[in-house]
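Good morning, and thank you for making time for this presentation. I would ask you to keep the sequence and the model in view while I speak.

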Amino acid sequence: MRNNYILTGRMPLFFIVTAYLCGLKLPVVMIVGVCSAGMVPLLIRRRNKEEEQKRKLEDSAFYMEQLIYSFRRHHKIPAALRDVSYVTEGNLKKRITEALGKLEGDFEEDNLFRQAFSHVEAQYGHHLMHVLHVFLIRVEEQGGDCALALELLLHQLRDWKKNQKTFVGRKKGIQSRLVLAIILSCLICAAVVRMMPAASGVADRMAYQVCTGTGLVVFQMLYIGFSTMSAGTGLEKAGLPSDCRKAGCESRQMEKLYRNLESPVHGIRYWKTVHRLEQEINIHFPEWMFDMILRLQTENVQTAVSHSLDDAPEVLVRPLYQLIKMQQEDPVSIQPYLEFLKGFNLPEIHAVMLQLYAINDMGKDEIQEQIYAMLDQNRHLADAAFEMKTDSVLSWMGMMAALPMLVSVIVLVVNLSLMLFSFLGEMYRL
């Protein structure tokens with residue numbers, strides 16, 4: 001804890017030292033000092049939030065891994081949860097205990113397993129956990145061999161942990177670049193004023209004091225703003241799935257985007273909408289496809305597509321409705337699979353849909369080989385989706401990392417202008 005306070009206080013202390021090195025007067029130094037003191041509780045809160053997020057990710061990964069192992073041994077959700085509760089502690093154990101209490105109640109209730117798992121998902125939930133819970137509920141209610149599917153879930157969990165670690169590493173890299181940019185900008189401002197001749201009197205001018213002091217305050221605001229915002233930035237939001245995801249419906253925003261495609265004029269807005277939807281589809285299609293791969297262990301293609309609609313990403317709801325409708329009209333035709341997302345430039349996704357169609361005419365052994373091929377293809381799509389999602393989430397952080405140099409340039413231009421005017425004034429008097 002003591003080390004945390006020392007690490008947190010380094011940057012506020014650095015700003016105060018920089019104010020002294022820049023030759024600022026006592027009132028301006030005091031203003032910078034007050035701002036630095038105000039930073040400390042915010043930075044402590046940010047550090048605590050980051051530690052809490054890290055702990056939640058670790059607990060979530062441990063919970064899913066242990067739940068898979070326990071369910072593989074017992075094939076019963078209550079027994080699996082009971083095993084996991086023995087090896088967990090803290091808030092996660094409390095959530096699992098609440099879920100067990102729900103399952104061990106003496107009353108009948110619809111969606112009992114779903115409501116039990118909601119106690120865990122309310123605080124630790126994300127897409128993969130939701131997929132795992134839905135799959136376990138399906139096996140509990142319908143039975144069947146789930147060994148292969150559980151193995152696939154373990155591989156997916158390992159990929160998820162790797163992606164989370166990569167995301168945190170990239171975020172810390174951007175944070176380090178921003179801190180380095182702020183430190184270098186402050187040192188440049190201090191070095192310039194130190195190299196100015198004392199006789200010029202630039203450092204004593206009000207314009208210099210205001211400009212440099214304001215620059216330091218802006219640096220502080222950038223640092224604390226960036227630190228606070230980045231602490232709340234995650235690869236995916238935790239918590240229960242949205243109503244749209246659970247009900248298989250579209251949000252108003254998604255409905256509006258698809259409605260824009262119906263425009264007879266293909267102008268700028270149309271192509272922007274196409275690009276936006278293609279990006280969303282590329283990001284979320286691997287999630288739906290992995291759910292399909294799990295369902296194909298016990299269901300045929302048409303049934304799996306129909307049942308996947310309830311948990312499908314909202315960007316795929318409308319295309320899936322159309323696919324299901326065409327399948328019902330002509331169950332053996334390839335046309336529904338060719339028409340799926342036909343208006344978009346998504347060749348890899350179209351290839352996966354043709355693989356789905358091919359499963360209809362295959363034997364059991366051939367189906368497993370095709371599923372492995374689809375899983376391999378889906379991993380490539382998931383890697384590309386991770387890159388797109390990471391760039392989308394961290395893009396604003398990359399732009400903020402360039403702001404300190406812009407602020408330092410403005411401060412330097414003003415200060416050098418003051419020095420130039422001072423020299424010109426001296427020459428004029430001579």
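Let me begin with a question: is Leu-341 buried or exposed? Leu-341 is buried, since its relative accessible area is 5%, and the cut-off for that class is under 20%. Please bear in mind throughout that this is a predicted model. Leu-341 sits in the loop between helix 15 and helix 16. Its backbone also deserves a remark: phi of Leu-341 is near 55°, which is a positive value in a residue other than glycine.

A second residue belongs beside it. His-75, also not a glycine, has a positive phi of about 60°. This residue is placed in the loop between helix 3 and helix 4, the latter covering 77-86. In terms of accessibility, His-75 counts as partly exposed, at 36%, whereas Leu-341 is buried.

Let me now step back to the chain as a whole. The protein chain contains 18 helices and zero strands. It has 430 residues, and 45% of them count as buried. The accessible surface of the chain amounts to about 22600 Å², and carbon and sulfur atoms contribute 59% of that surface.

I turn next to helix packing. Two packed helices are described by the angle between their axes and by the distance between those axes. For helix 3, residues 26-74, and helix 6, residues 112-124, the angle is about 150° and the axes are 10 Å apart. Helix 3 is therefore roughly antiparallel to helix 6, as the threshold for that description is an angle over 145 degrees. On the side of helix 3, the residues that meet helix 6 are Lys-56, Asp-59, Ser-60, Tyr-63 and Leu-67. Their counterparts in helix 6 are Phe-117, Val-120, Gln-123 and Tyr-124.

With a relative accessibility of 1%, Ser-36 counts as buried. Which residues is Ser-36 in contact with, once its neighbours within four places in sequence are left aside? They are Pro-12, Phe-15, Ile-16 and Gln-220.

Thr-212 is located in helix 9, residues 206-231, and is buried, with a relative accessible area of 3%. Not counting residues up to four places away in sequence, Thr-212 touches Cys-22, Leu-24, Val-411 and Asn-415. Gln-164, in turn, belongs to helix 8, residues 147-195. Gln-164 is buried as well, with a relative accessible area of 8%. Between Gln-164 and Gly-234 there are 70 residues in sequence and 8.9 Å in space, taken C-alpha to C-alpha.

The structure holds five aromatic pairs. One of the pairs is formed by Phe-285 and Trp-288, whose ring centres are 5.5 Å apart and whose planes stand at 50°, so this pair is tilted. How are these two residues related along the chain? Phe-285 and Trp-288 are three residues apart in helix 12, residues 268-295, and are therefore separated by about one helical turn. Both Phe-285 and Trp-288 are buried.

Another pair joins Tyr-337 and Tyr-357: the ring centres are 5.4 Å apart and the planes are at 55°, so this pair is tilted too. Tyr-337 lies in helix 15, residues 335-339, and Tyr-357 in helix 16, residues 347-359, so the pair ties together parts that are 20 residues apart in sequence. Tyr-337 counts as buried, at 2% relative accessibility. Finally, Phe-285 and Trp-288 form one aromatic cluster together with Phe-340.

That concludes my presentation, and I welcome your comments.

Key:
Residues numbered from 1 in each chain as written. Predicted model: local features only at pLDDT ≥ 70, side-chain atom pairs only at ≥ 80, totals over all residues. Heavy atoms only, no water. Axes fitted to C-alpha atoms, helices over the stretch in contact; angles between N-to-C directions. Helix = DSSP H or I, 4+ residues; strand = E, 2+ residues; numbered from the N terminus. Parallel < 35°, antiparallel > 145°, perpendicular 65-115°, else oblique. Contact = heavy atoms within 4.5 Å. Buried < 20%, exposed > 50% of the residue type's maximum accessible area, 1.4 Å probe, protein only. Areas by Shrake-Rupley, 256 points an atom, 1.4 Å probe, with all protein chains shown as cover. Phe/Tyr/Trp six-rings, centres within 6.5 Å; stacked < 30°, edge-to-face > 60°.
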